[in-house]
Amino acid sequence: MKILIIEDEPQMLDNMRQSLEREHYNVEAVSDFKSASNKIGIYAYDCILLDIGLPDGNGLDLLKQLKKEGKDDGVIIVSAKDSLDDRLAGLDLGADDYLPKPFHMAELHARVKAVLRRRNFDGSTIIEIGNVTINPESRTAKIEAEEIVLNRKEYDILMYLIINKNRLVTKTALAEHVWGDHIDQADSFDFIYSQIKNLRKKLEKSTIKVEAVYGVGYKLDVE
């Protein structure tokens with residue numbers, strides 16, 4: 001899952017990034033309003049952790065930008081401001097949750113997981129699609145009763161395709177979501193083909209197939 005941290009306190013930002021990366025999230029981070037606005041204008045995120053008090057702008061204006069652009073990224077406001085007015089304003093603008101500082105990282109993880117489950121899987125802790133069962137908590141997948149071993153990228157690709165199971169996913173969107181900022185340094189999408197090939201092989205006994213749409217991208221087909 002792809003997360004954007006918008007936080008101007010360097011130590012807090014670094015702690016949040018490291019903690020979330022240990023949970024295998026794809027994490028990007030910015031520390032000012034302008035950089036955040038550019039990020040959310042170009043990319044899509046599963047969850048945005050938003051500090052209201054930024055040095056060059058009000059984080060609530062970023063919520064307005066998301067709403068204006070018709071984006072549905074999950075948003076958790078993470079801020080030292082804990083007034084009722086701030087909470088209500090954020091929720092009215094489309095935020096999913098409000099986590100006041102200071103907080104324990106375990107609580108942050110729980111809030112992020114709750115937003116992801118609510119937005120992508122109707123609150124379910126176990127995902128079932130065809131004869132495949134996935135447990136996002138343990139990042140494990142089974143075909144019927146048999147566990148399949150997926151590397152980190154294979155798992156991330158599968159989850160992204162499941163979230164978008166009724167849509168055609170372009171190669172660019174898939175690369176940006178799974179590889180994040182690092183995609184800008186890539187010369188081609190050959191690395192995606194390799195991961196997709198391996199994923200298909202591991203899903204051979206399943207009732208879900210990763211179908212290629214020539215020249216465009218991929219789509220998940222459920223038999």
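The following legends describe close-up views of a predicted model of one protein chain.

**Figure 1. Confidence along the protein chain.** The mean pLDDT of the protein chain is 87, and 94% of its residues reach 70 or more. Strand E3, residues 47-50, has the highest confidence, at a mean of 95. Confidence is lowest in helix H4, residues 84-92, where the mean is 80.

**Figure 2. The open sheet of five strands.** The strands stand in the order E2-E1-E3-E6-E7, and their pairing is parallel. Strand E2 (26-30) and strand E7 (97-100) are at the edges; each has a single partner strand, so one side of each is left without a neighbour in the sheet. On average, neighbouring strands of this sheet are turned by 20° against each other, direction ignored. In general, the strands of a sheet pair through backbone hydrogen bonds, either parallel or antiparallel.

**Figure 3. The pairing of strands E3 and E6.** E3 and strand E6 (residues 74-79) run parallel and are joined by four bridges. Opposite Cys 47 stands Gly 74 in E6.

**Figure 4. The packing of helices H2 and H3.** Two packed helices are described by the angle between their axes and the distance between the axes. The axes of helix H2 (residues 33-42) and helix H3 (residues 59-68) come within 10 Å and cross at roughly 20°. Because angles under 35 degrees count as roughly parallel, H2 is roughly parallel to H3. Their crossing is right-handed. On the side of H2, the contact is made by Phe 33, Ala 36, Ser 37, Ile 40 and Gly 41; on the side of H3, by Asp 61, Leu 62, Gln 65 and Leu 66. By class, five residues of the contact of H2 with H3 are nonpolar, three are polar and one is charged.

**Figure 5. Two points of the backbone in loops.** Most residues other than glycine have a negative phi, and most peptide bonds are trans. His 24, in the loop between helix H1 (10-22) and E2, has a phi near 75°, a positive value in a residue other than glycine. The peptide bond from Lys 101 to Pro 102 is cis, with omega near -5°. Pro 102 is found in the loop between E7 and helix H5 (105-120).

**Figure 6. The open sheet of three strands.** This sheet has the order E12-E14-E13, with antiparallel pairing. Its edges are strand E12 (169-170) and strand E13 (208-213); each has a single partner strand, so one side of each is left without a neighbour in the sheet. Two bridges join E12 to strand E14 (residues 217-222), and the two strands run antiparallel. Within this pair, Thr 170 stands opposite Gly 217 in E14. Helix H6 (residues 152-163) lies across E12, E13 and E14, and runs at about 70° to E14.

**Figure 7. The packing of helices H6 and H7.** The axes of H6 and helix H7 (residues 171-179) come within 10 Å and cross at roughly 125°. H6 and H7 are therefore oblique to each other. The crossing of H6 and H7 is right-handed. H6 contributes Lys 153, Asp 156, Ile 157 and Tyr 160 to the contact, and H7 contributes Ala 173, Leu 174, His 177, Val 178 and Trp 179. Six residues of the contact of H6 with H7 are nonpolar, one is polar and two are charged.

Definitions and conventions: Residues are numbered from 1 along each chain as its sequence is written. This is a predicted model: local features need pLDDT of at least 70, side-chain atom pairs count only at pLDDT 80 or more; totals for chains, interfaces and linings use all residues. Side-chain values use heavy atoms; hydrogens and water are left out. pLDDT is the predictor's confidence in each residue, from 0 to 100. Axes are lines fitted to C-alpha atoms, for helices over the stretch in contact, and angles run from 0 to 180 degrees between N-to-C directions. Angles under 35 degrees count as roughly parallel, over 145 as roughly antiparallel, 65 to 115 as roughly perpendicular and the rest as oblique. A crossing is left-handed if the near helix is turned anticlockwise from the far one by less than a right angle, and right-handed if clockwise. Contact means heavy atoms within 4.5 Å. Ala, Val, Leu, Ile, Met, Phe, Trp, Tyr, Cys and Pro count as nonpolar, Asp, Glu, Lys and Arg as charged, and the others, Gly among them, as polar. Two strands pair if DSSP finds at least two bridges between them.
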